[in-house]
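This report describes selected local features of one predicted protein model. The sequence and coordinates are shown first.

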Amino acid sequence: MKQPVNTTKNRTIIGLTCSYIPEEILVAAGFTPFRIYGDINPPELATSYLPASFCPYALSCLDCGLKGSYEFLNGIIIANSCNAMRRLYDAWRYSLKTPFVHMLDIPKSNDLAAERYFEQVLVRMINAIEKHFKVKVTDTALKNAITVCNETRELMAQLYEFKSKGELGISNKDVNRLIQEGRTLPKEEFNKNLNKVLKSKMKKGTLHSEKIGNPIRLMITGSFHQPSDLIDYIESVGANVVYEDICVNGRYLQKKIELNNMPLRAIAHSYIHKSPCARMLDNEARIDYILQLAKQYKVGGVIYYALKFCDTHLLDYPLIRKGLNNAGLPILFLEGDSLMPSSGQIKTRIKAFLEVFSCNQVG
Amino acid sequence: MQSSRIKQRENLRQFLRDGKESKSPFYSLKATGKRLRLIASLFKRAYSPESIVAWRNTFVPTEMLFALDIVPFAAEANCAMFAGSDLSIKPLDIAESNFYSADTCSFLRTVIGTSIGDCMACPDFLISTSHYCDGAAKVFYDVGKRYGRDFFLLDVPYDYNLPEAIDYLAFQIEDIMQKMAKTIGIKIDYNKFAEVINNSNEATKYLRLVNELRKNIPALMLGGESIDYAAMTANFWGLKEAVDLYKLLYEELKERVSNKIGALPGEKHRILWRNLRAYHSPEIMEYIEIKKGAVIAFEETNYVHWENMDPKEPYKSLAKKILSNPPISKIENWITKTLEVIKDYRIDGVIEFAHRGCRHLNSAAPIVKKELQKRGIPFLIIDGDCIDGRDYSDKQTKVRIDAFLELLGGY
């Protein structure tokens, strides 16, 4: 699926590669944050600048860039999420002419020292943006941006709540498309669209899922990938994906920022204290978070999807597996080398997982 | 729950019993013997029940441990030793049977496998930096959970130039040392800390002198002998013995200069070696140097990237030492250093050993290759694994080396 782009309006569009990059700062600058998805095709050009046995997401981002898919970007912010992203930053600057390319250093700790450091890092990012784009990012603008982005989080949380109850009346694929399109729009416009979708569903009353019987409720966690085809397949064999704990979906909507008189500090605090993804170290917190989600969304099993060569997710898996099994939650490990995890092998494994699966609600 | 160090020492003996004796063709200097004895002595001390032991990854500065009389245990580097005795397969299999992907770094999988197999000296603490690789900190965190021991992360910022980066890292070094000192029941002795920093400075002085001598033509020592000084010796910075070691090395090389002795008669070419080597076999370097006469004049792992440290500001000094490592930050910093070395050591060609699973270092290779090609500098990447020799193809590797050396001419 090609990433949809709405470039009809005269906007400054800044690409992002990680959900730890605070969109609020870009919104405060009057920009549109654009989450980069790459695409599902195998890379052709990127392997001139990055090795073939490398993160498929990094390769895909660069490949799309080299093919001109991101020429409309006025800038890109790449986070120091992992080894792959650090090298993507180098390769992007080396091979492409995006006018503004910034590396955002994200601490791996979340103690007070890390939080203060992250705040200083954000100040530098703001200074770089102001200097390059000749704009001013004020505290008032940051507060407004926090309000707007908090609304996005709230609306997406509602969307997920309805989705998990089968009360949306639109397919998971359409939900993901809505979210993906929304990641390219100005936030206010995205919020308007989300509001419309939610209101229209509420007006029509509760629309129950078309599934017959009690489908197995699954959650997906893991590396970045484009979830649609995987979800379609899972649903075609009688299960229901009620939550995706991946950085472009569930992880994106975590935690409203508490507004106070120091908006930048509030942003730094909130982002650094998100429930950790695999690039952070606290596995126990990650296990607790997955179990909390499983309880909230009445999940019976977890699909752990790791991109090939994704060290953070691959090395997390043994402890996560142990933690979830101890809590009685079955987990299936899948590994794929593309952003579209729908190979025959993966389908076979999902089917086998569902066949031995006995509904196990965590509660 | 793990057993005692005495039991672990016994488990280690059983484990080593199946190993082959590793005889290196690269052992010509007294300093090398001294280095090996120092490694053995520290390794032995780690297994003593009386020692306070901290597992460290390669980039944690040992000065912060010696200042507290803590014995550093270089978990990753020790795996290289197991590989040299052909003992990696069992711990790798153990790791994989515990769901650690075979696509991840074999150093880290060996660390996991040997800790599950309970033959590594149980740590009192574990410390890892967040660089170079994402995996090291994760594995150390994991192992810390298995042993029920405190794990400390040294979260290394990306941009070494920024004052807040130095402050953040310095704060962490002090914080970790204070926590360890409290657990041990001591206070940090700043006189001792200053002594450790001074030892480190003194040893570095001799290493700089050694590196200066190594610009000599013909080369004074083979790369196969010098490469191991970096990773293993990184476990000694701050000890008086490290000063003695590098002083001895300097004196031996100086003597070779005076006596006009080169390491390789009829040296044909001078190679710069990037990254680590295949520890399961010295064959590759032996073939390049001894068989084909192309001396590895220098290796980037021995590059001194840090400045003299100030014993009155030990935390900031150590932070700057860590941050000054060229591959941490933007790739252009690393490329600049590589080009400097190529010029200073009059290098004819560059060989990089691409350890499978090493995302950080290997991922730089395509861009480095382009930059070297622009300047007409031949560059060969040897794909392999530092620890796991199962897929090593002797013939294939030698064919590629031959083709590369033919490009340099004279064959």
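Contact here means heavy atoms within 4.5 Å. The model is predicted, with local features needing pLDDT of at least 70 and side-chain atom pairs counting only at pLDDT 80 or more, while totals for chains, interfaces and linings use all residues. Residues are numbered from 1 along each chain as its sequence is written, chains are lettered from A in the order in which they are written, and side-chain values use heavy atoms, with hydrogens and water left out.

## Nonpolar cores

A nonpolar core is a set of buried Ala, Val, Leu, Ile, Met, Phe, Trp, Tyr and Cys residues joined through side-chain atoms within 4.5 Å, where buried means under 20% relative accessible area, exposed over 50% and partly exposed in between (1.4 Å probe, protein chains only). The largest such core has 242 residues, and W92(A), I350(A), W55(B) and M64(B) are among those with the most contacts inside it. Helix α8 of chain B (residues 163-184) supplies the largest share of this core, 10 residues; helices (H or I, at least four residues) and strands (E, at least two) are DSSP runs, numbered from the N terminus. A second, separate core has 35 residues, including L155(A) and Y317(A).

Beyond its neighbours within four places in sequence, W92(A) is in contact with residues including I36(A), C61(A), L62(A), Y70(A) and V101(A).

## Surroundings of S51(B)

S51(B) lies in the loop between α2 (30-46) and β1 (53-56) of chain B. This serine is buried, with a relative accessible area of 14%. A polar atom of its side chain lies 2.6 Å from the backbone oxygen of R45(B). Not counting residues up to four places away in sequence, S51(B) touches R5(B), R45(B), V71(B) and D124(B).

## Backbone geometry in chain B

Most residues other than glycine have a negative phi, and most peptide bonds are trans. F99(B), not a glycine, has a positive phi of about 75°; this residue is found in the loop between α5 (89-97) and α6 (106-116) of chain B and is partly exposed, with a relative accessible area of 38%. D118(B), also not a glycine, has a positive phi of about 55°; its loop runs between α6 and β3 of chain B, and D118(B) is buried at 13% relative accessible area.

H131(B) and Y132(B) are joined by a cis peptide bond with omega about -10°, and Y132(B) lies in the loop between β3 (125-129) and α7 (134-147) of chain B. The bond from I217(B) to P218(B) is cis, with omega near 5°.

Key: A polar contact is a pair of N or O atoms within 3.5 Å; within protein, one must be able to donate a hydrogen and the other to accept it, and residues adjacent in sequence count only if both atoms are side-chain atoms.
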